[in-house]
Amino acid sequence: MGWMFALWGLGGGLAIEALDFIKAVRRVGHGWPWRYPYGPGGGPYLVSVLGRAAASAVVAGAAGASVNGMTPLIAVGLGAAAPLILEKLSQQIPVQAGLPIADGVTRPAQTAEPATAPAEQPHRPAPGITAPPGPPSSAEAVSRQAGGEGDAAR
């Protein structure tokens, strides 16, 4: 019965691929988006689409075979999300030092940086954008209520 959910997951993965294709066609404006200079060529593009679609089918099929209460809608959602989930998981794997890369050059090891929680990161406005003024401090608020500088400006 997992094969049925794999087909639903394949459909979800292909739906995402169709949306990506539409975005690429709009970006290019004319012609096929995989042609040079816009993309790598038809062969690599087809292999990437088939690979992501297969990953979608595998993830949804595995979930369907192992989870009670799996529905086709959940399988489509898993199939659509599978490429992104697998990409994020692969980013957590450190690269081994001393292994040659495709160009034959040996590079030092790179480890994934641990993600910090959003609460730990200070808020900074984007470059060129000034942050809105914050709420007045308690001393400024008391001064305004007592008839300080705030009332004089009115």
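Contact means heavy atoms within 4.5 Å. On that basis, residues 24 or more positions apart account for 47% of the contacts in the protein with a separation of 6 or more.

This is a predicted model: local features need pLDDT of at least 70, side-chain atom pairs count only at pLDDT 80 or more, and totals for chains, interfaces and linings use all residues. Residues are numbered from 1 along each chain as its sequence is written, and side-chain values use heavy atoms, with hydrogens and water left out.

**Exercise 1. State the secondary structure content and the buried share of the protein.**

Solution. Helices (H or I, at least four residues) and strands (E, at least two) are DSSP runs, numbered from the N terminus. The protein has 5 helices and 0 strands. Its pattern along the sequence is α-α-α-α-α. Next, burial: buried means under 20% relative accessible area, exposed over 50%, partly exposed in between (1.4 Å probe, protein chains only). Of the 154 residues, 17% are buried.

**Exercise 2. Check the end-to-end spans of helix 1 and helix 2.**

Solution. The expected span is 1.5 Å times one less than the number of residues. Helix 1 covers residues 2–28, 27 residues, so it should span 39 Å. Its end C-alpha atoms are 39 Å apart, which agrees. Helix 2 has 25 residues and should span 36 Å. The distance between its end C-alpha atoms is 36 Å, again in agreement. Just after helix 1, Gly29 takes a positive phi of about 95°.

**Exercise 3. Which residues of helix 1 and helix 2 are buried, and what covers them?**

Solution. In helix 1, the buried residues are Gly2, Phe5, Ala6, Gly9, Gly12, Gly13, Glu17, Ala24 and Val28. Their cover includes helix 2 (42–66) and helix 3 (72–90). In helix 2, they are Val49, Ala53, Ala55, Ser56, Ala57, Ala60, Gly61, Ala63 and Gly64. Helix 1 and helix 3 are among what covers these.

**Exercise 4. Describe how helix 3 packs on helix 1 and on helix 2.**

Solution. Two packed helices are described by the angle between their axes and the distance between the axes. Axes are lines fitted to C-alpha atoms, for helices over the stretch in contact, and angles run from 0 to 180 degrees between N-to-C directions. Angles under 35 degrees count as roughly parallel, over 145 as roughly antiparallel, 65 to 115 as roughly perpendicular and the rest as oblique.

Start with helix 1 and helix 3. Their axes come within 7 Å and cross at roughly 45°. The pair is therefore oblique. The contact joins Phe5, Trp8, Gly9, Gly12, Gly13 and Ile16 of helix 1 to Pro72, Ala75, Val76, Gly79 and Ala80 of helix 3.

Now helix 2 and helix 3. Here the axes come within 8 Å and cross at roughly 125°. This pair is therefore oblique too. Arg52, Ala55, Ser56, Val59, Ala60 and Ala63 of helix 2 meet Ala75, Leu78, Gly79, Ala82, Pro83 and Leu86 of helix 3.

**Exercise 5. Work out the surroundings of Ser56 and Glu17.**

Solution. Ser56 sits in helix 2. It counts as buried because its relative accessibility is 0%. Beyond four places in sequence, Ser56 touches Gly9, Leu10, Gly13, Gly79, Ala82 and Pro83. A polar atom of the Ser56 side chain lies 2.7 Å from the backbone oxygen of Gly79.

Glu17 lies in helix 1. Its relative accessible area is 7%, so Glu17 is buried. Leaving aside neighbours within four places in sequence, Glu17 contacts Val49 and Arg52.

Note on methods. Polar contact = N/O pair within 3.5 Å; in protein donor to acceptor, adjacent residues only side chain to side chain.
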